Amino acid sequence: MINMGLKMLFSISFFQWVLFVQSMEPFVYDVNLAGAIGDGESDDTEAFKNAWNVVCSSHISSGIFRVPYGQKFLLQPLTFNGECRPKNITFQIDGILIAPSDPSSWKCKETNCNNWITFQHFDGLIIQGTGSLHGQGQKWWQMGCMHNKVSFAILDSKNVHISGLTSMDSRKWHISIERSSSVHASKLNIKAPKDSPNTDGIRIQHSTNVTIASSIIKTGDDCIGIGDGSKYININRIFCGPGHGISIGSLGENGRRETVEYVTVRRANFYATENGLKIKTWQGGHGYARYIRFEHISFSKVIRPIIIDQYTCPLHQHCKNYSTAVEISNILYNDLRGTTNGEIAVELSCSKSVPCKNIRMKDIQLDYGINGKMYDGHPKSHCLNVVQSWDEGYVYPNVPCLTKKLSY
C-alpha cells in the first residue's frame, strides 16, 4: 500500500510538472490557420483579426502571432488591443504587409481611424522579424498631409520592443509612439522618397524612456521627430538621409504649453539632409525644451547642421515677436564634425522675450563641402538672443554669441 501511494504521488507530481512545462511554452498561431490567403490581392484583414482573437484568448502565459515569410498580406486598418490573457505577446512578422493603394478603398470602422496598424494597451510586447510594411502612400501624398494616415502606431503601452522590420512609403509618419513608456526600437529600415510630404520616420509624443538605435531612416521629412510630453529619449547610431534631420518640436503652436526634456542623440550620421539637429518652437507658446545633448555626430552635404528656430509661424504670415515663448535651455553640442553645402552652418534664432540660455558647444568642425570634398569657403553662423552660453575647445565656424570658456 505504501509503494502504491508513492507511485500515485509520483505520477500526479509528474503530470503536474508536464502541465507546468507546457504552460511555460509560448502559444504559436499562424495567420494562415485563421484563413489568410497571403497573395497580396485578397483582403486578409478578417483573418488577422481572427488569429489575434485566438492568441489573445489563450490561457498560456505568452503567445506568438506569426506572419510567415514568403507571403504578402493585404490589410485594411487594423487595431490590436493588448488587454489579453497572455502577459507577453510576440508579433513575429516575416511576411509583407500591404496597405490599400487607393484612398477610396480605405475601409475604416476602428477607433484609430487615422492609423493603418495600431497596437494599444500592451504591457510586454515584442514586434520583430525580417518582414516589411508597404504603406503605398503615393496617391495619398497627392491629396495633402491632412488626409494622410500613420502606418504603424504604438499607443498607451509599455515594455515594448521593436526590431528588424522595414517600413516603406508610409502615407504619413511611418512609426508613431504616443502615450507610452519603456519602448525600445532597433535595427529598423525606414524609407520613402525625399519629396514625399510629412513622411517622418519615427514620431514620439507624450512618451518616456524611449530608445531608438541602430537604424537607417531615409524619408521626405524628419527622420525622427520628438514632440510634446517626451522625456528621457535616447537616440543612438542612426543613419539619417535624405530627410529633414532629427527635430525636437515644433512646440507651442497656438499658444499651447508643451515640453520636452532629457533627450540624448549620440553617434548619428546625417547625409544629404535639409537639416541636421533642429529645435523648433512657435512664437507665443509656453513650456520648455531643456537638458538636451547632441554628441559624436557626423554630417555630409547637410544644408543646415545646427538649428534652433523659435520663429516658427503659420505659412505666408509675418512672424512677429510675442511676449511669451517656449524656453530653451541646457543644450549641449559636443564633437560634431563634417561638411555643409549651405551658407549658415549654425543658426541660433531665439526669442527676444525668452532668450535661449546655457547653450554649450564643444569641439565643433563644420566645413564647406560637396560630395564629401571640402572646398574653399567659410560657412557662417547666425546668433540672436542667446545668453549665458559658452564654447570650449575648437568651434568652427565661430559662434559670436557664445563666451569662450578658458581651460587652466
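Me: How far apart are the sulfur atoms of C350 and C356?

Reply: Happy to start there! Keep in mind that this is a predicted model. A disulfide is called when two cysteine sulfur atoms lie within 2.5 Å. The sulfur atoms of C350 and C356 are 2.0 Å apart, and the two residues form a disulfide.

Me: How many disulfides does that rule give?

Reply: The count comes to four disulfides. Among them are the link of C350 and C356, the link of C56 and C84, and the link of C223 and C240.

Me: What are the sulfur distances for C56 with C84, and for C223 with C240?

Reply: For C56 and C84 the sulfur atoms are 1.9 Å apart. For C223 and C240 they are 2.1 Å apart.

Me: Which parts of the chain does the pair C56 and C84 link?

Reply: Look up where each cysteine sits. C56 belongs to helix α2, residues 45–56. C84 lies in the loop between β5 (78–81) and β6 (88–93). The two are 28 residues apart, and the pair links distant parts of the chain.

Me: And where are C223 and C240?

Reply: C223 is in the loop between β18 (208–218) and β19 (224–226), while C240 is in strand β20, residues 230–240. They are 17 residues apart, and this pair too links distant parts of the chain.

Me: Is the disulfide of C56 and C84 left-handed or right-handed?

Reply: Here you read the torsion about the S-S bond. For C56 and C84 it is about -100 degrees, so this disulfide is left-handed. For C223 and C240 it is about 85 degrees, so that disulfide is right-handed. The link of C350 and C356, with -95 degrees, is left-handed.

Me: Are these cysteines buried or exposed?

Reply: Compare the relative accessible area with the cut-off: buried means under 20%. C56 has 15%, so it is buried. C84 has 18%, so it is buried as well. Both C223 and C240 are buried, and C350 and C356 are also buried.

Me: Which residue does UniProt list for "active site"?

Reply: The UniProt record, an unreviewed entry, lists H244. You can find H244 in the loop between β20 and β21 (246–251).

Me: Is H244 buried or partly exposed?

Reply: Its relative accessibility is 22%, so H244 counts as partly exposed.

Me: What is H244 in contact with, leaving aside neighbours within four places in sequence?

Reply: H244 is in contact with G220, D221, D222, E274 and N275.

Key: Residues numbered from 1 in each chain as written. Predicted model: local features only at pLDDT ≥ 70, side-chain atom pairs only at ≥ 80, totals over all residues. Heavy atoms only, no water. Helix = DSSP H or I, 4+ residues; strand = E, 2+ residues; numbered from the N terminus. Buried < 20%, exposed > 50% of the residue type's maximum accessible area, 1.4 Å probe, protein only. UniProt positions renumbered as here; feature names shortened; annotations may be inferred. Contact = heavy atoms within 4.5 Å.
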